[in-house]
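Me: I'd like to learn how to read a structure like this. Can we go through it feature by feature?
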2 protein chains.
Amino acid sequence: MSGTPGPRLSRRQLLGSSAVASLGAVTAAVTPPAVADAAEPSAIAFYGRHQAGVATAPQDHLSFATFDVSSDASRSDVRAVLQTWTDVAARLTRGQPLAGPTKTTYPPADSGEATGLGSARLTITLGVGPEFFTSRLGNLADRPALLAQLPAYDGDALDPIRSGGALCIQACADNAQSAFSAIHELAQAGLGIIELRALQAGFTKNPTTTDPRMARDLLGFHRTTNNIGWTDVPTLDRYVWVASSSPGWLRGGTYLVARRIRIALEQWGAVSLDEQQSIIGRYRASGAPLSGHRLHDPADLKATGPQGNLLIPPGAHIRVAGIDGNAGQRILRRGYSFSDGVDSSTGELDAGTFFIAFQRDPQRQFGEMLGRLISGDALHRYLVHTSSGVFAVPRGLAQGEHWGSLLL
Amino acid sequence: MSGTPGPRLSRRQLLGSSAVASLGAVTAAVTPPAVADAAEPSAIAFYGRHQAGVATAPQDHLSFATFDVSSDASRSDVRAVLQTWTDVAARLTRGQPLAGPTKTTYPPADSGEATGLGSARLTITLGVGPEFFTSRLGNLADRPALLAQLPAYDGDALDPIRSGGALCIQACADNAQSAFSAIHELAQAGLGIIELRALQAGFTKNPTTTDPRMARDLLGFHRTTNNIGWTDVPTLDRYVWVASSSPGWLRGGTYLVARRIRIALEQWGAVSLDEQQSIIGRYRASGAPLSGHRLHDPADLKATGPQGNLLIPPGAHIRVAGIDGNAGQRILRRGYSFSDGVDSSTGELDAGTFFIAFQRDPQRQFGEMLGRLISGDALHRYLVHTSSGVFAVPRGLAQGEHWGSLLL
């Protein structure tokens, strides 16, 4: 009647941590030729100036994991796992099998879950949190100056386990199984050294039968109107990519902010359509701002109605979050919806938006905006933030480089 | 710093329960003409002899919800919600908007989440649990004779909230947002009367780049080898559909068993490929039984190797679960994988299979097999069952019928 599975030995205990590290080294040693093989045409390139998964149109599925560094892992242990992770990421994103023991008397090199699913346009994006930099790993001096958790905001209900983390992996793919499997493979490769802390699944879906073909969130409104375009290089360079920094691995990188935002769906569903639209500042059906008629009409924040009232009310979400309300700052948003069952304390759906944003300066671009949203956004009373994390996203790798040597 | 959202009134409190019931009645009154409109060609028919979602090839996404009947809901309250649910299900599965108030001074008729996503081949399948039959609702005499929860099994670690329920809805769709949204709409329509108890999301994915095109589970093996075929009417009639029963609404229906089965992924990943294959009784790559060469080769349970050993070992999963090991019984399986984050007590992935099976006799076909699996299946030590539910699935509806009049 016990709730625990039969076998109690972890893979690390079975193999010993040095064996795991050695496997990593063996894997990496055989990597370059195999990874140079042709990837599927639809695969998203893993190597490049920037990491994939940032200026990449969102795939339908997200698995976002955070990790802790084990308190007895050495610098070389962590370095070896990060080298293995690089190899795993390069292979999975190309739809190729993992390297590893071929003898059937050994555990298989991969979980087998994603066999036959191809690349699924998988992207694997690594971030490092403030906790990654420790005197034990000898990398305290490499901590980026702007890398810090956000301050506490009024109304935050942050789960400490879901928040923070020494490392994060954002895995996005065209199907949920490939996104999950990527995290599973990386967690398995890190056992005992880089240990899974939290995992969040997310989903989105672009319309198939209507225009605009832009996904809706669980509020029922278009998710990312007025976002920075994935191919808009000047705007990405201005707001997203870090241009110069110490350490050098952040040049061409960015900062990732993740917030798990629960939506009070039951209460939101009892709000009139007029009121929902006033709260957002847009029409629900078309996505047009209340000052306009079409989705991509710019919001006219000064436009007034017949009674002299502002068409986009003072507390409307798009007024407070938009570039004009946000001291000229912009962020690159990459939100997914989540559905995590029923909150047993209230009987309500535990669902909402797992919000990810990329920017050059997490506090100035995101944190200050969030402060304004929390005090001035009419939508905020329907939201509860249940996690928060800030991560520095290193620049992309060139073939032959790996995250271990880049970071340690 | 509170963890609760601002607005504290539920929709039922705002509207009053009689208003909710009236909305349901209004909705139903305007239904027939609109639902008779043409559905999308790819839509799966809601009306028919059997409910859709049983003998239907699994779509990629599952939202499986259970519900309680509120202790102060009357028979007419429940009947009205079930009537509304029928209308909601008929419309959503056709990719059509919900009926409801058109004035923008009222809450919108639907959540808006699935706008533009079409039918997404959505199926909505209703089941009723033992708890649905109460003296208060006056339907105790209608409880099907075989409708009872399964007995406790050795090793079960059942979460009481995830288990049981007066009603269940299995929503399956081609995308996660449509599957979630179906549950959200039904939960919203039931507020205060039929209340959400638990919700489980699931996913699967058929291979795109290899044959056989059969999904794999998180063990890495093909999910449903040797399953009953969706179009194999004689076998469905023999093992799945209830032929005669009192009450009559179960004739042409079936029984649904749901078990949330967590897989000890970390331990499974440390098992050699040989041992994994011996535990399952099949080759991982091809899915062939260890006695054969191809996926669909029948398992030869007597075949021996050079040393006289059984090729499919005594404790192999397919030997114990197969028709020969199972007293000639078969079930229709419809499994999905789940990924619910990290178990904070162990730091391991809380992931596995949300197993659904359909059969005419839940105890004789499923319960006895499960008993054999728990005592004799080599796989069982890697599994923990964390929920259990049994539901009677009524026959399909004809146009103009509704679940309220069928069941109450």
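Me: Let me start with one residue: is Leu311(B) buried, exposed or partly exposed?

Reply: First, some ground rules: this is a predicted model, where local features need pLDDT of at least 70, side-chain atom pairs count only at pLDDT 80 or more, and totals for chains, interfaces and linings use all residues. Residues are numbered from 1 along each chain as its sequence is written, while chains are lettered from A and ligands numbered from 1 in the order in which they are written. Now, a residue is buried if 20 or more other C-beta atoms (placed from the backbone) lie within 10 Å of its own, exposed if 12 or fewer, and partly exposed in between. Leu311(B) has 18 C-beta neighbours inside 10 Å, so Leu311(B) counts as partly exposed.

Me: Where does Leu311(B) sit in chain B, and which residues is Leu311(B) in contact with?

Reply: Helices (H or I, at least four residues) and strands (E, at least two) are DSSP runs, numbered from the N terminus. Leu311(B) belongs to the loop between α8 (273-280) and α9 (317-321) of chain B. Two residues are in contact if their C-beta atoms, placed from the backbone, lie within 7 Å. Setting aside neighbours within four places in sequence, Leu311(B) is in contact with Leu290(B), Ser291(B), Ala303(B), Thr304(B) and Gly305(B). By comparison, 38 Å separates the C-alpha atoms of Leu311(B) and Cys172(B), which are 139 residues apart along the chain.

Me: What should I look for in the backbone angles?

Reply: Most residues other than glycine have a negative phi, and most peptide bonds are trans. Arg121(A) is in the loop between α4 (75-92) and β2 (123-128) of chain A, and it counts as buried because it has 21 C-beta neighbours inside 10 Å. Over in the other chain, phi of Arg121(B) is positive too, near 50°, and Arg121(B) is buried, with 21 other C-beta atoms within 10 Å.

Me: And which residues does a cis peptide bond join in chain A?

Reply: Asp211(A) and Pro212(A), with omega about 0°. Pro212(A) is in the loop between β4 (194-203) and α6 (233-239) of chain A. In chain B, the bond from Asp211(B) to Pro212(B) is cis as well, with omega near 0°.

Me: How do I check a helix, say α5 of chain A: how many residues does it have, and how far does it reach?

Reply: The expected span is 1.5 Å times one less than the number of residues. Helix α5 (176-190) of chain A has 15 residues and reaches 22 Å from first C-alpha to last, close to the 21 Å expected. As for cover, 15 of the 15 residues of α5(A) are buried. After α5(A) comes Gly192(A), with a positive phi near 85°.

Me: How do the two chains relate?

Reply: Two copies of a chain are related by a rotation about an axis and a shift along it. Superposing by least squares on the C-alpha atoms of residues with pLDDT of at least 70 in both, chain B can be laid on chain A with an RMSD of 0.0 Å by a turn of 180° and a shift of 0.0 Å along the axis. That's the relation of a two-fold axis. Among the residues of chain B, Asp340(B) comes closest to the rotation axis, its C-alpha at 3.6 Å.

Me: How many residues of chain B are in contact with chain A?

Reply: 74 residues of chain B touch 74 residues of chain A. On the chain B side, β4(B) gives the most, with eight residues.
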